[in-house]
Structure formats: C-alpha cells, structure tokens
Amino acid sequence: MGGAVVDEGPTGIKAPDGGWGWAVLFGCFVITGFSYAFPKAVSVFFKELMHEFDIGYSDTAWISSILLAMLYGTGPLCSVCVNRFGCRPVMLVGGLFASLGMVAASFCRSIIEIYLTTGVITGLGLALNFQPSLIMLNRYFNKRRPMANGLAAAGSPVFLCALSPLGQLLQDHYGWRGGFLILGGLLLNCCVCAALMRPLAAPRKDGGSGPQRSSRRLLDLSVFRDRGFLLYAVAASIMVLGLFVPPVFVVSYAKDLGVPDTKAAFLLTILGFIDIFARPTAGFITGLKKVRPYSVYLFSFAMFFNGFTDLTGSTASDYGGLVVFCIFFGISYGMVGALQFEVLMAIVGTQKFSSAIGLVLLLEAVAVLIGPPSGGKLLDATHIYKYVFILAGAEVLTSSLVLLLGNFFCIGKRPEASQPEAVASEEKLHKPPVDVRVDSREVEYFLKAEPERNGEVVHTPETSV
C-alpha cells in the first residue's frame with residue numbers, strides 16, 4: 001500500500017523550534033482541548049436528553065463513549081489520510097465534520113440520530129484534527145519538543161474548565177438544541193487551527209530543482225518490528241484500562257460518603273486546576289538536557305505515581321481525603337498527559353510517528369471501552385468504591401512496570417561487543433580514498449543530510465527507548 005505524501009515535506013529538514021512553530025503550538029493547544037474536553041463537556045446536556053427522548057442515563061452515556069471510541073479507534077484511518085493528503089487538508093475536513101455533526105444533532109428526533117451525528121460524525125471530525133496536529137507539532141519542534149507537548153496537552157484541562165460551564169449556560173438559555181447548534185459553530189475554530197498548520201519547506205539548493213520527497217507507505221506497519229514501540233503500545237493499553245476510571249467515579253464516591261452534590265462536583269474542578277499546571281511543568285522538566293535522555297523512565301514514574309495515588313485514594317473516608325487524592329491525582333495525571341506522546345515521538349522518530357500514533361490510539365480505543373464499564377460492573381457487584389480504585393491503581397501500576405522493566409532488560413541491554421567493530425567498519429565505509437580530493441562543502445552537506453536519508457531516523461538517546 002503506497003502513495004505520495006503531499007504535506008510531508010522533504011526529509012532532513014531541521015525543526016525550527018520556534019518562529020511559526022508557536023502558531024502551530026497554539027493550534028495544537030486548541031485542538032487538544034476540543035478533542036479531550038468535548039466528550040466530557042457534552043455530558044451537561046444528558047438530563048435534558050433523557051427527558052426529551054424518555055431514556056436512561058446509560059443510553060445517554062453512550063454519546064460520550066462513541067465520541068471517545070471514534071477519537072481513539074480511527075487512528076489508523078487518520079494515519080492513512082495524513083500520509084496520503086497531508087496534515088492541513090485532513091484537519092480542514094475534520095473541522096467541517098466536527099461542526100456539521102453538532103449542527104445536525106440539533107435537529108435530531110431520536111437518540112439513535114444523536115449517536116450518529118454527535119458520536120460518529122463529530123467524533124470522526126475531532127479525530128481528523130487531533131492526530132495531524134500532534135504530527136505537525138513534532139515536525140516544528142525538536143529541542144523544545146517536551147515543553148511544546150506539555151503546553152499543548154494543557155489544552156485538555158483548560159478547555160474542560162471552560163466548556164462545561166459554557167455548556168450549562170447554553171442549556172439554560174437556549175435548551176439542548178440551541179446549545180448543540182452554538183457548539184457546532186464553535187467547533188469551526190478547528191478549521192482556523194488547521195489553517196495554521198503550514199507545511200515546512202526546505203531551501204532549494206543552488207542550481208538544483210530542490211529536495212525530493214521520499215515516498216512512504218500509507219500505513220507503516222514496520223513499527224511493529226521496533227521492540228520499543230511494542231513495549232510502549234502494550235504498556236499504554238494497560239494504562240488506559242485504569243487511567244480514566246477515578247475521574248469517572250470520584251464524584252459518586254464523594255456523594256456515597258454523604259458529601260453534598262456541589263462540594264462533590266468541586267472535586268473535578270480541583271483535579272482539573274492542578275492538571276493545568278502539571279502538564280506544562282512536566283514538559284519543561286522533561287526538556288532539560290540532563291533529563292530528556294531518560295524521558296521513558298520519567299514516564300514510567302508518572303504512571304507508577306498515578307497508580308499509587310489510586311491505591312492510596314481507595315482508603316479515603318471523608319471529603320478531605322478525597323481532596324488530597326484529587327490534588328495528587330491531578331499532578332500524576334498531568335505528567336502522564338504531557339509525556340505520553342513525547343515518549344512515543346522519541347521512540348519511533350519523526351518519519352514513523354504518523355503511523356505509530358494511529359496504531360497506538362487504535363489499541364487504546366479497546367482499553368477505553370473496557371476500562372470504565374469494567375469498573376462500573378465491579379461497583380454494581382460489590383457496591384464498594386474502594387475496590388474500583390484498587391483495580392484502577394493495579395492496572396496503571398502494572399503498565400509502569402511493563403514499560404520500566406521491558407526498557408531496562410529488553411531494550412537497554414543491547415549487544416555492546418559488536419559496537420566497536422561496527423564503528424570501525426562504518427569509519428572505513430565513509431573514509432574517502434587518500435588520492436581523491438573532496439570539496440569540504442560537499443562533505444559538510446553529506447554529513448548533515450546522511451542521518452535522515454531514505455526516510456530513516458538516526459537513533460540517539462533522545463530517539464530511542
């Protein structure tokens with residue numbers, strides 16, 4: 001399966017780490033905010049939808065589930081579209097889909113139609129925006145990439161804090177139909193963000209026709225031959241099983257302890273507020289020269305911290321204990337959110353990232369659909385929230401150990417005996433004959449262009465697990 005890459009740009013281009021990259025970062029911030037916050041913000045309309053269509057809470061909850069499933073499950077489709085048409089055209093179409101779905105939902109007469117419009121169409125539109133925006137961010141930032149990822153990831157809690165009150169305000173003044181219509185118009189801003197995703201262009205060489213783009217498969221399955229990618233995919237899938245469970249049940253946990261509804265809902269506000277600052281901070285720390293080569297281990301620590309927080313949160317017996325839990329959960333959750341895609345970029349490199357992220361999101365989609373419902377079934381069987389938090393914590397802890405031990409034993413221990421021979425042979429390979437005179441400018445260009453020739457990325461401590 002092959003095809004030309006329209007928006008890929010020539011290989012070997014140096015990331016500007018600034019300039020127009022800041023506009024790309026802003027667009028990625030907005031897209032990330034819409035993608036992660038919108039499925040949760042739509043829940044403020046659930047009560048009116050239940051009254052309108054005479055359905056239960058479980059029926060309305062499928063709206064958010066379908067949105068998330070489309071966001072994660074269409075990863076390979078997004079990868080194919082990006083590799084075939086480029087990031088900007090895919091994002092423009094995605095913005096139109098996201099808006100069209102919400103506008104069409106405002107005219108729906110049944111919950112099935114809501115599933116198709118808000119769930120499938122809007123979810124697909126958000127997916128077509130989210131993945132390409134991360135790919136463009138990866139192209140524009142290299143040295144400052146951890147910081148850029150942290151700032152972009154902060155869009156999720158910021159937009160959640162903004163969209164939820166906005167949705168409630170729209171519902172109070174215009175009803176759910178008017179609210180859906182206005183939110184559909186708001187999603188057109190995704191098209192504005194798409195316009196910011198300007199493809200990188202390399203300067204033309206003197207007397208040449210410019211650098212040529214390398215052809216690439218629409219979906220590069222060769223990433224499965226990378227042990228680092230396999231470890232990351234397994235660990236991320238296990239992590240997602242338990243990562244989203246505590247935020248779903250913490251409010252109900254508080255109410256079960258006798259906490260008033262208003263105070264119980266304030267727990268999510270605390271979590272989101274801490275998350276806003278945790279993500280950029282984690283990005284800045286990861287970007288430090290002495291820390292960045294160990295970003296995989298830092299990601300493992302973030303997952304371990306999150307799982308340990310879940311286990312300790314299961315012992316909370318009053319509102320104060322849940323507040324402390326939400327503070328530490330917000331810190332660990334923000335660290336995970338800031339590092340997850342940064343680590344994936346470091347593992348697979350720039351050229352394979354568009355395919356790798358699509359495949360990882362597909363695997364995570366299965367876990368997203370299994371995680372919260374399994375926690376709900378455990379709660380229905382035991383009626384004890386403690387067990388739900390213990391299950392979530394155990395799953396996230398397991399994922400951290402898989403990544404940490406797998407990286408240490410399977411990836412970290414590579415055969416070193418053959419390295420001197422390989423270096424010697426490589427030096428012989430690139431050493432010019434004694435009797436041949438080589439222009440110094442040609443040598444300099446060759447050395448700069450060699451690391452990414454034929455679409456291959458050199459693995460440095462920052463681009464390998």
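Q: Hi! How much space lies in the largest cavity?
A: About 220 Å³. Here a cavity is a set of points on a 1 Å grid over the protein atoms alone where a 1.4 Å probe fits but cannot get out. The points are joined across faces, edges and corners, and the volume is the space filled by probe spheres set on them.

Q: Before I go on, what kind of model is this?
A: This is a predicted model, where local features need pLDDT of at least 70 and side-chain atom pairs count only at pLDDT 80 or more, while totals for chains, interfaces and linings use all residues. Residues are numbered from 1 along each chain as its sequence is written, and side-chain values use heavy atoms, with hydrogens and water left out.

Q: Thanks! Which residues lie nearest the centre of the largest cavity?
A: Those are Tyr36, Arg279, Gly337, Gln340 and Phe341, out of 22 lining residues. A lining residue has an atom within 4 Å of a point.

Q: And which helix gives the most to that lining?
A: H14 does, with six residues. Helices are DSSP runs of H or I with at least four residues, numbered from the N terminus.

Q: How do the lining residues of the largest cavity divide by class?
A: There are 14 nonpolar, five polar and three charged residues. Nonpolar covers Ala, Val, Leu, Ile, Met, Phe, Trp, Tyr, Cys and Pro, charged covers Asp, Glu, Lys and Arg, and the others, Gly among them, are polar.

Q: What about the second largest cavity, what lines it?
A: Phe38, Ala41, Val42, Phe45, Leu163, Gly167 and Leu183 line it. The space in the second largest cavity is about 30 Å³, and H8 gives the most to its lining, with three residues.

Q: New topic: is threonine 122 buried or exposed?
A: Threonine 122 counts as buried because its relative accessibility is 0%; buried means under 20% relative accessible area, with a 1.4 Å probe and protein chains only. Threonine 122 is found in helix H6.

Q: What does its side chain reach?
A: The side chain of threonine 122 reaches the backbone nitrogen of methionine 102 at 3.3 Å. Leaving out residues up to four places away in sequence, threonine 122 also touches several others, including Phe38, Leu67 and Leu187, where contact means heavy atoms within 4.5 Å.

Q: Last one: which residues are buried in H11?
A: Val245, Pro246, Pro247, Phe249, Val250, Val251, Tyr253 and Ala254 are. Just after H11, glycine 258 takes a positive phi of about 90°.

Technical notes
1 Å grid on protein atoms, 1.4 Å probe; cavity = no way out; pocket = protein on both sides within 12 Å on 5 of 7 lines; lining within 4 Å. Helix = DSSP H or I, 4+ residues; strand = E, 2+ residues; numbered from the N terminus. Buried < 20%, exposed > 50% of the residue type's maximum accessible area, 1.4 Å probe, protein only. Polar contact = N/O pair within 3.5 Å; in protein donor to acceptor, adjacent residues only side chain to side chain.
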